[in-house]
Amino acid sequence: MADVVSRLGLGTSPLGNLYAEVTEREARAVVDAAWETGVRIFDTAPHYGLGLAERRLGAALRDRPRDEFLLSTKVGRLLVPDPGGRGLDPEGFAVPATQRRVWDFSAEGVRRSLESSLERLGLDRVDVVYLHDPDDHWDQAVHEALPALVELRRQGVISRIGIGMNQWQMLARFVLESGSDTVDTILLAGRYTLLEQPALAELLPLCARLGVEVVAAGLFNSGLLATQEVPQTATYDYRTAPAAVLDRARRIAAICARHGTTLPAAALWFPFGHPAVTGALIGARTEAEIRANVAVFTTPVPAALWAELRDARLIEVGVPTP
């Protein structure tokens, strides 16, 4: 268990009030419980609750020994005041819309974003900075943002450079064209999970060959794999899951039950089978959730489960498993 938990990170979008409010006390309890159970990797972003997740995470980590944890945040969305904002944030976070996000992958935007993140965190450094969702900003990300991060890494301001996306194709392009001397790690959300493995054929072998670390995120595909009983209202990629996807998840869940385990347990274990995957992020809204998720790693998933999923063509035939 210790080896797996050391590779497990806490993703903090729920602490930014994704979909529903989390109180200050609940948010602090999540981070404290993660620490108590051995988690030492923490990931956040300005996007999460218009800076709320960064503020909450920083407050919870401020008195922890700084050299004992790894912290990542993201750049690409600058937060600017929005005096005309009304109601709640329109991008799914239950926070007042007093700020708005402005896409900016310029060198100056990268520096401003990181400075603002450090101010919200109340910490003197982060370890990893990811370009966050540069899908529609390839040219600026490659020619301005990445060189700015390389310079910050050279200066020792940050330790590692990453790219975080919900697609694998552009991640592969970043890795191939920028090379491992620029990109240290990628954060792959939702595209290498128990439900689907489109990154298996090209992206993961490329990263393994070039020595680029892969951190898997979105292991529950935004909720679909989070419970053994898959509800009709389950979400997939942050939208209501289509019928075919619901059916696939339920077929996987039934096989999990036959092998004495659960759908979320198998989903959490799954990515650690691939040698390119060096870590994984999980989100949690409550202390109970993070404790339950970490506890999953006290019991490995039966090998026979993976074999039956392969036979049923519910995972790729050649996929490596734990």
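1. Helix α7 spans residues 203–210, and Leu203, Leu204, Leu206 and Cys207 in it are buried. Buried means under 20% relative accessible area with a 1.4 Å probe, protein chains only. Down the axis of α7, the buried residues fall within an arc of 160 degrees, so they line one face of the helix. The arc is taken from the directions from the helix axis to the C-beta atoms. Helices (H or I, at least four residues) and strands (E, at least two) are DSSP runs, numbered from the N terminus.

2. This is a predicted model: local features need pLDDT of at least 70, side-chain atom pairs count only at pLDDT 80 or more, and totals for chains, interfaces and linings use all residues. Residues are numbered from 1 along each chain as its sequence is written, and side-chain values use heavy atoms, without hydrogens and water.

3. The cover over the buried residues of α7 includes α6 (169–178), β8 (185–189) and β9 (213–217). Contact here means heavy atoms within 4.5 Å. Gly211 follows α7, with a positive phi near 75 degrees.

4. The largest pocket has a volume of about 1400 Å³. Its lining has 48 residues; Ser13, Leu18, Gly218, Ser222 and Tyr238 are the closest to its centre. A pocket is an open set of points on a 1 Å grid over the protein atoms alone, where a 1.4 Å probe fits, with protein on both sides within 12 Å along at least five of seven lines; lining residues have an atom within 4 Å of a point. Volume is the space filled by probe spheres set on the points, joined across faces, edges and corners.

5. β12 (277–283) is among the elements that each supply at least two residues of this lining. β12 gives the largest share, three residues.

Notes:
Buried < 20%, exposed > 50% of the residue type's maximum accessible area, 1.4 Å probe, protein only.
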